[in-house]
Every structure is written in structure tokens, then in C-alpha cells.
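Reader: I would like to go through this model contact by contact. Please keep the answers brisk and end each one on what I asked for.

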Amino acid sequence: MYRRISFHKKIDLFEFEKIISSTQIDLSFKKLGIAFSGGSDSLALLFLLKKFSEKNKLKLISMIVDHGLRYNSSKDSLDTKIISEKIGVDARIFKWEGEKPISGIMEKARDIRYEILTNACKKLGIKNLFLAHHFDDQIETYLMREKRNKNHLGLACMESVSIYNGICLVRPFLEKPKKLLTDICQKNKLKWIEDPSNTNQKFERVRIRKYLQNIKLEKKFLIKSRINYFRNKKKEMEIHLNKFIKEELIFFPYGLFSFDRGIFKDCISLFQIELIRKLLKICSGKKYPPSYKSSTNLIEKIISGNIKNNTLH
């Protein structure tokens with residue numbers, strides 16, 4: 001019952017302050033950034049963050065990414081900037097320069113957006129970047145990942161606080177439904193911009209979103225319980241991975257390392273996969289680990305001893 005009451009409880013400044021406090025983020029750095037798209041979700045977050053920043057004497061900056069994927073994207077970015085400035089928040093526009101992908105547009109645009117935003121945060125002296133992902137986004141993410149990855153830890157989905165490219169990403173609305181964010185905008189007569197890609201059926205997330213419109217809330221809560229399950233499993237796995245790395249690995253210069261093949265063979269398959277992915281991510285310096293498929297293929301070669309001339313990551 002408490003979960004249902006908390007889920008539907010409106011988000012005023014007092015409730016928002018409680019949410020921010022629960023994240024335990026470091027607010028000693030006096031600048032906050034918000035990834036602002038001009039949509040209802042990020043507009044509701046901007047509205048609350050503006051009040052929160054004023055009360056706590058923090059500097060808030062709206063960060064807008066112009067992906068350049070639509071003919072009028074520059075105008076949309078300027079309109080978004082105007083919305084932010086009308087609320088009283090300084091806004092900056094950052095453009096995605098370079099060649100645009102033909103396929104996998106949404107995934108690539110997301111990765112580029114994070115790269116642009118976090119690099120801009122470093123230049124502006126921002127340590128905390130706020131994102132407006134909410135409960136419904138989380139459920140969509142789970143269903144999309146479940147189709148591809150049946151039993152691994154990616155099903156833990158988004159965290160309320162995570163680190164990307166050295167910047168703290170804060171998602172305060174992951175336990176709140178989208179409707180509450182729309183309510184904030186409507187109650188305060190805030191006008192937002194509708195992104196036409198949100199209704200384009202060629203994108204998987206849009207199709208999932210349409211499917212979820214006919215799903216009862218109880219089923220969504222069941223999905224959320226699965227996310228929590230995988231999140232706990234992920235935390236447990238991290239403890240075991242760190243223990244193995246500390247006790248069993250020998251590191252050498254230039255990103256080289258070694259471990260006992262016999263001990264590795266005795267580990268369960270999921271642990272082997274997560275260990276290899278974690279090690280290759282660390283040693284390569286890349287943002288993302290290798291895929292599960294390539295990691296599994298590599299593990300088969302490690303166990304068999306046939307690992308010569310293999311591109312790792």
C-alpha cells in the first residue's frame with residue numbers, strides 16, 4: 001500500500017527535496033546541469049530543479065543537444081533554449097557534428113548525447129547532470145533489453161545515480177510515473193515541445209510504449225520487481241568480481257593481466273562472462289564492455305587454450 005501511495009504522490013518541492021536527499025549525491029559543487037529537451041518530462045524536472053537550486057544557492061544550467069537529425073533541429077533547439085530562459089535558467093546548445101548513422105539512429109544518438117553532455121559538464125565545472133527518465137521509461141527499457149538478453153545483469157536497467165565519463169548522472173524520477181510530470185507542467189501552465197520521433201512506429205521504444213498503454217499497473221509493478229531482482233544480483237556480482245580481481249589477478253604494464261585458467265574454469269558461466277567484460281572494459285579504456293556474444297566466444301577459447309591471435313575488444 002505504501003508503494004502505491006508513494007508512486008502516485010504528487011511531486012512538489014518538498015517531495016522533490018526528499019528524492020534528492022535519498023540519492024545522497026554531493027552538492028558541494030555549486031553547479032548543476034540538466035539534459036533539457038523541451039519535452040514535458042525534462043520541463044517538469046527543470047521547473048523543480050530551478051526551485052531547488054534557488055533555495056540551495058546552486059547554479060543551474062540547461063544543456064541542449066542539437067542532433068541535427070531533422071531539417072528544423074536548429075530551430076527546435078533555439079525554441080527549447082527560449083523555454084528554459086523564460087523559466088529563468090541559463091541554457092547552452094551543443095551540436096552533434098559529423099556524419100550521422102543510417103541505422104540504429106536512436107541508440108547512436110543516445111550515446112553521442114551522453115558523450116556531448118558529459119564532456120560539456122567537465123568544461124563547465126558541473127559534477128551532477130540531471131536526467132528526466134521516469135518509471136515508464138524504466139519499464140520500456142526492461143522490455144527492450146529482455147527481448148535480447150534473457151538472463152544477464154543488463155536487466156537491472158537504469159540506476160537513479162550512476163557515473164558516466166566521470167560525471168554523476170542523476171535520475172530522480174525513476175520511481176515516479178510520467179503522468180505526475182505532465183501534471184506539473186499543466187498545473188504550472190508550462191508549454192512543452194512534442195518530439196515527432198516519439199510517435200514514429202519504426203522505433204522499437206515507440207512500439208513498446210504503445211504496447212504498455214494497454215498494460216495494467218500491477219503488471220508494471222511486477223516488471224519493476226524483476227528489475228529490483230536483477231539490480232540486487234548485479235550488486236552481488238560486483239562484490240564477487242572485485243574480490244576475484246583483488247585476489248586472483250596479476251596486472252602488468254600496458255593493460256596486460258593474467259589469472260589462473262583452472263580457477264577461472266571453476267567459476268559459473270555468468271561470472272566468467274561478467275569478469276571478462278569488466279576486465280576488457282577497464283584495460284581498453286572504452287566506455288562500454290564487449291558484447292555478450294563476443295565475450296562468450298572468447299571464454300570458450302580461454303578454456304580450450306586456443307586463444308592465439310584473437311582480437312579482444
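Reader: Leaving aside neighbours within four places in sequence, which residues is A35 in contact with?
Author: This is a predicted model, with residues numbered from 1 along each chain as its sequence is written. Local features need pLDDT of at least 70, side-chain atom pairs count only at pLDDT 80 or more, totals for chains, interfaces and linings use all residues, and side-chain values use heavy atoms, with hydrogens and water left out. Contact means heavy atoms within 4.5 Å. Leaving aside neighbours within four places in sequence, the partners of A35 are S42, M63, L117, L129, F130 and L131.

Reader: Is A35 buried or exposed?
Author: A35 sits in strand β1, residues 31-35. Strands (E, at least two residues) and helices (H or I, at least four) are DSSP runs, numbered from the N terminus. Buried means under 20% relative accessible area, exposed over 50%, and partly exposed in between, with a 1.4 Å probe and protein chains only. At a relative accessible area of 17%, A35 is buried.

Reader: How far apart in space are A35 and I61?
Author: In sequence, A35 and I61 are 26 residues apart. In space, C-alpha to C-alpha, A35 and I61 are separated by 9.0 Å.

Reader: At roughly what angle do the axes of α3 and α7 cross?
Author: Axes are lines fitted to C-alpha atoms, for helices over the stretch in contact, and angles run from 0 to 180 degrees between N-to-C directions. Helix α3 covers residues 40-55 and helix α7 residues 178-187. Their axes come within 8 Å. The axes of α3 and α7 cross at roughly 65 degrees.

Reader: Which hand does the crossing of α3 and α7 have?
Author: A crossing is left-handed if the near helix is turned anticlockwise from the far one by less than a right angle, and right-handed if clockwise. For α3 passing α7, the crossing is left-handed.

Reader: By class, which residues make the contact of α3 with α7?
Author: α3 brings S40, D41, L43, A44, F47 and L48, and α7 brings K178, L181, T182, I184 and C185. Ala, Val, Leu, Ile, Met, Phe, Trp, Tyr, Cys and Pro count as nonpolar, Asp, Glu, Lys and Arg as charged, and the others, Gly among them, as polar. By class, the contact has seven nonpolar, two polar and two charged residues.

Reader: Are α6 and α8 roughly parallel or roughly perpendicular?
Author: The axes of α6 and helix α8 (residues 204-212) come within 10 Å and cross at roughly 115 degrees. Angles under 35 degrees count as roughly parallel, over 145 as roughly antiparallel, 65 to 115 as roughly perpendicular and the rest as oblique. The crossing is right-handed. α6 and α8 are therefore roughly perpendicular.

Reader: How do the residues of the contact of α6 with α8 divide by class?
Author: In α6, the contact uses D137, I139, E140, T141, L143, M144, K147 and R148. In α8, the partners are E204, R205, I208, R209, Y211 and L212. The contact of α6 with α8 divides into six nonpolar, one polar and seven charged.

Reader: How many salt bridges does the count come to?
Author: Side chains of opposite charge can pair when their charged atoms come close. A salt bridge is a side-chain nitrogen of Lys or Arg within 4 Å of a carboxyl oxygen of Asp or Glu. By this rule the count is 21.

Reader: How many residues apart in sequence are the parts that E159 and R231 tie together?
Author: The side chains of E159 and R231 meet in a salt bridge at 3.6 Å, N to O. E159 is partly exposed at 22% relative accessibility, and R231 is buried at 13%. E159 lies in the loop between α6 (135-148) and β5 (161-164) and R231 in helix α9 (residues 217-248), so the pair ties together parts whose sequence separation is 72 residues.

Reader: Where is C157 found?
Author: Phi of C157 is near 60 degrees, a positive value in a residue other than glycine. C157 is buried, with a relative accessible area of 7%. Its place is the loop between α6 and β5.
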